[in-house]
Structure formats: structure tokens, C-alpha cells
Protein chains: 2
Amino acid sequence: MNDITAEHVAGVLKALAHPVRLKIADMLESGEKCVNEIVEAVGGKQSITSQQLNMMKDKGVLSCRREGARVYYRIENPNVIRLLNCVYNNCQKNEV
Amino acid sequence: MNDITAEHVAGVLKALAHPVRLKIADMLESGEKCVNEIVEAVGGKQSITSQQLNMMKDKGVLSCRREGARVYYRIENPNVIRLLNCVYNNCQKNEV
DNA sequence: TTAGTATATTACTATATAGTAATATAATGT
DNA sequence: ACATTATATTACTATATAGTAATATACTAA
């Protein structure tokens, strides 16, 4: 694995390597959600969730669109969905 | 995804979410290697590599065995290999 | 037992990340 | 224009992680 790839992939994994961010990615797998829904679902504070969403967007994991007062986030990188599926298929018993 | 699972999976992803650790996991996919080989392959310093190996062992990603003067590390968690394969199959063009 | 090789640990500094609280911005409805 | 809801940003503190340099431990061979 070359350095560029390693840096890049590590960055993406890092964007998912946090319990709340993982939950965010998890819930967005079924489709886009607005910030408010995400905040409630992960049970965190609004500002923290907003920061984490922003971080995930920076890493290319998520993207968003505004619709009126609401901002909807979705998974931008389809490979993230594949990674998550891999997690689901193999890690349900805390095996990963 | 429940909290316990999220914490656990995030911990494992975190163990891989670093360029050098990712390279280590990558090279160990083909089988166990001794520390010296790993240090040379990743081109880092011995002490840093040792610390990273230890961290990955703590997270359950790697395990090791001593054979004489050498210590051989290997991937302990087979799901990590699946995750890496997922990365290979999908992220070769920096798409993840 | 001494020297050399292989690996681990420690103490330290620098940097990054997480979390908190407050405030700012954007849009909507009255 | 104003109040309300939705989201983002900022400044700050606390904690975690990365990296460095030095030293310690474990083993081997002479």
C-alpha cells in the first residue's frame, strides 16, 4: 500500500472511528436525515453533532444539502456503505 | 447500533485509522512478520512501531508470539482482514 | 560473561481531538 | 420587524495521540 493511499484510507477510517460518528454513518445508511433527527438519534448535544457532521463532510464521507431551514446529510462515499456492511456482517457479536 | 457495539467497532477502526498502522495491517495480511521486518517495511522508527504494534494488540487487532529473539505479530481478528479486503476492493483509486 | 541484536518501555514535548458553553447565522411564520 | 426553530461557529478546557530520545529488557552467540 502506497503512502498516498494509506493516508487517504486512514483519514476515512478516522472519520468513522468514533462511537457517535459511527452511529451517524449507521443511521444515514438508510437515507439522508436532517441535523435535528441525527442529534436526537445519537443523543448528543447539537453543537458537538454539528462539528462531527462537519468533520465527516471534510473527509468526504458525508455531503449535505439545505432545504429551507433544514440541512440534510447523507453518505457521500458509497464505499463507506460497503465498509459499514462489512462491519454489520462480521461484527455483530463484538467480533471486530 | 447499540452503544456497546459502537464503542467496540470504533475502537477497532481507530486502531486502523493511522497511515502506519494501516500499512502494518496491510503487510500482515499475507502472514505474520517479525518486528524488524515491520519496522523496515513501514520505514518508521523502532520505538514508534513497537508502540503502534502494542496499541493494535491492545485493541485486539493483532496478537504476537516470541520465537527466540524475535517477536512475530499477526492479525488476530479475522474481521480486520475482511475490512481490509473491503478497502482493497473499493478504495484503490482513493475512492474511500 | 560479554557483545551484539531484537524488542519494549519510559519520560517527555508537541499536536490533535473531544467536549462545553455561548453566540452567530439562516430560514420560517406571524 | 420579531419570535421561533434549525444549524453552524467560536473560544475555551480537558484529554488523547503522535513523535522523539534515551534506556531497559530479552535473547543469542562467541
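Predicted model: local features only at pLDDT ≥ 70, side-chain atom pairs only at ≥ 80, totals over all residues.
Figure 1. Along its principal axes, the C-alpha trace of chain A spans about 45 × 35 × 20 Å. Chain A contains five helices and three strands, and, read from the N terminus on, these elements follow the order α-α-β-α-α-β-β-α.

**Figure 2. The contact between chain A and chain B.** In this view, 30 residues of chain A are in contact with 30 residues of chain B. On the side of chain A that touches chain B, at least two residues each are supplied by α1 (3–16), α2 (19–28) and α5 (78–90) of chain A, and α1(A) gives the most to this side, with eleven residues. Sorted by class, the side of chain A that touches chain B consists of 16 nonpolar, seven polar and seven charged residues.

**Figure 3. Packing of α2(A) against α3(A).** Helix α2(A) and helix α3 (residues 35–42) of chain A pack at an angle of about 125°, and their axes are 10 Å apart. The two helices, α2(A) and α3(A), are therefore oblique to each other, and their crossing is right-handed. From α2(A), the residues V20(A), K23(A), I24(A) and M27(A) meet I38(A), A41(A) and V42(A) of α3(A). The residues of this contact of α2(A) with α3(A) divide into six nonpolar, no polar and one charged.

**Figure 4. Packing of α3(A) against α4(A).** Helices α3(A) and α4(A) pack at an angle of about 110°, with their axes 10 Å apart, which makes α3(A) roughly perpendicular to α4(A). The crossing of α3(A) and α4(A) is right-handed. On the α3(A) side the contact involves V35(A), I38(A), V39(A) and V42(A), which meet Q46(A), T49(A), S50(A) and L53(A) in α4(A). By class, the residues in the contact of α3(A) with α4(A) are five nonpolar, three polar and no charged. I38(A) and V42(A) of α3(A), shown here against α4(A), also meet residues of α2(A).

**Figure 5. Packing of α2(B) against α4(B).** In chain B, helix α2 (residues 19–28) and α4(B) pack at an angle of about 70°, with their axes 10 Å apart. Helices α2(B) and α4(B) are therefore roughly perpendicular to each other. The contact is made by V20(B), R21(B) and I24(B) of α2(B) together with Q52(B), L53(B) and M56(B) of α4(B), and by class the contact of α2(B) with α4(B) has four nonpolar, one polar and one charged residues.

**Figure 6. The surface near DNA strand C.** There are 19 residues around DNA strand C, and those that come nearest are G68(A) of one chain and C34(B), V35(B), N36(B) and S47(B) of the other. The elements that give two or more residues to the surface near DNA strand C are α4 (46–58) of chain A and, from chain B, α3 (35–42), α4 (46–58) and β3 (70–75). Helix α4(B) gives the most to this surface, with six residues. The residues of the surface near DNA strand C divide into eight nonpolar, nine polar and two charged.

**Figure 7. The surface near DNA strand D.** Of the 20 residues around DNA strand D, those that come nearest are C34(A), V35(A), N36(A) and S47(A) from chain A and G68(B) from chain B. At least two residues each of the surface near DNA strand D are supplied by α3, α4 and β3 (70–75) of chain A and by α4 of chain B. The largest share of the surface near DNA strand D, six residues, comes from α4(A). By class, the surface near DNA strand D has eight nonpolar, nine polar and three charged residues. V35(A), listed among the residues that come nearest to DNA strand D, is also one of the α3(A) residues in the contact with α4(A).

How values were computed
Residues numbered from 1 in each chain as written. Chains lettered and ligands numbered in written order. Near = placed C-beta within 6 Å. Helix = DSSP H or I, 4+ residues; strand = E, 2+ residues; numbered from the N terminus. Nonpolar A, V, L, I, M, F, W, Y, C, P; charged D, E, K, R; others polar. Contact = placed C-beta atoms within 7 Å. Axes fitted to C-alpha atoms, helices over the stretch in contact; angles between N-to-C directions. Parallel < 35°, antiparallel > 145°, perpendicular 65-115°, else oblique. Left-handed = near helix turned anticlockwise from the far one by under 90°.
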